[in-house]
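Dear colleague,

I am passing on the structure we spoke about, with the sequence alongside.

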Amino acid sequence: MNVMKKLLFALIIILIVIAGVYKIGMQYGSEVVIDKIANQVLSKDEIDQLIEDPKVQKTIEEQLGAGALQNLRKEQSNNGTVPDAVPNAPDASNLPQTGTNSQLVFATPEEALKFLLTKFSMSELNGFIKMADGGVTTAEKNQIKSALMSRLTPEEYQALKVLGLIELQKRQNSMNSN
């Protein structure tokens, strides 16, 4: 009986360690996905389109605060782009139109990564990350978008773009405050 208690205790410890590693891995992995892909894939036109959507505006205000939307608009007009965005991005007019009916919102990068793992394997996501390392060409950007749009609904794709925009703005805000 004493051996059973020790085995049970060891199993519980192992499960706790696995859960901790999983949580840390998901948090780190989601940060990497957002940093590498959103920085490279969101074009100025897409950002302009997103910040004009009333539902996206509401989401930005809820997640970043009352003045965040105005700051984002000011940055867009001053810079013409988001930090680290790639010039010569493809035209946003050929993107799926979700209108203002899109209700899907990812609250955290971890939630988005968990969702993406239901649609893509980890090796596919790592491939996107490696592709985005150091910048992407227009062809690579189109390849990433094509892969995303082939497996995601327009609403899911829109929700990922909104989360990417919010996370990019959070990072910009933290860089400005330092």
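How many helices and how many strands does the chain have? The model, which is a predicted one, has eight helices and zero strands. Of the 178 residues of the chain, 39% count as buried, and among contacts between residues at least 6 apart in sequence, 81% join residues at least 24 apart.

The largest nonpolar core has 21 residues, of which F106, L116, F120, I144, L148 and L152 touch the most other members. Helices α1, α5 (109-119), α6, α7 (138-151) and α8 (154-177) each supply at least two residues of this core. A second, separate core has 13 residues, among them L50, I51, L165 and I166.

Helix α6 (residues 122-132) has L125, F128, I129, M131 and A132 buried, and because these residues cover an arc of only 160° around the axis, they fall on the same side of α6. S123 and K130, on the other side of α6, are exposed. After α6 comes G134, with a positive phi near 75°.

A nonpolar patch of about 1,100 Å² is made by L8, F9, L11, I12, I13, I14, L15, I16, V17, I18 and V21. One of these, I13, lies in helix α1 (residues 2-41) and counts as partly exposed because its relative accessibility is 39%.

- K119 pairs with E156, the closest N and O atoms being 3.8 Å apart. Since K119 lies in helix α5 and E156 in helix α8, this pair ties together parts that are 37 residues apart in sequence. K119 is partly exposed, with a relative accessible area of 30%, whereas E156 counts as buried at 11% relative accessibility.
- E62 pairs with K58, with 3.9 Å between the closest N and O atoms. Both lie in helix α3 (residues 54-64), four residues apart, or about one turn of the helix. E62 is exposed, at 57% relative accessible area, and K58 also counts as exposed, at 54%.
- E167 and K170 meet through their side chains at 3.3 Å, N to O, and because they are three residues apart in helix α8, about one helical turn separates them. E167 counts as buried at 5% relative accessibility, while K170 is partly exposed, with a relative accessible area of 32%.

With best regards

Note on methods: Residues numbered from 1 in each chain as written. Predicted model: local features only at pLDDT ≥ 70, side-chain atom pairs only at ≥ 80, totals over all residues. Heavy atoms only, no water. Patch = residues over 30% accessible without salt bridge, like charges linked within 9 Å, V, L, I, M, F, W, Y side chains within 5 Å. Areas by Shrake-Rupley, 256 points an atom, 1.4 Å probe, with all protein chains shown as cover. Salt bridge = Lys/Arg side-chain N within 4 Å of Asp/Glu carboxyl O. Buried < 20%, exposed > 50% of the residue type's maximum accessible area, 1.4 Å probe, protein only. Arc of directions from axis to C-beta. Contact = heavy atoms within 4.5 Å. Core = buried A, V, L, I, M, F, W, Y, C linked by side-chain atoms within 4.5 Å.
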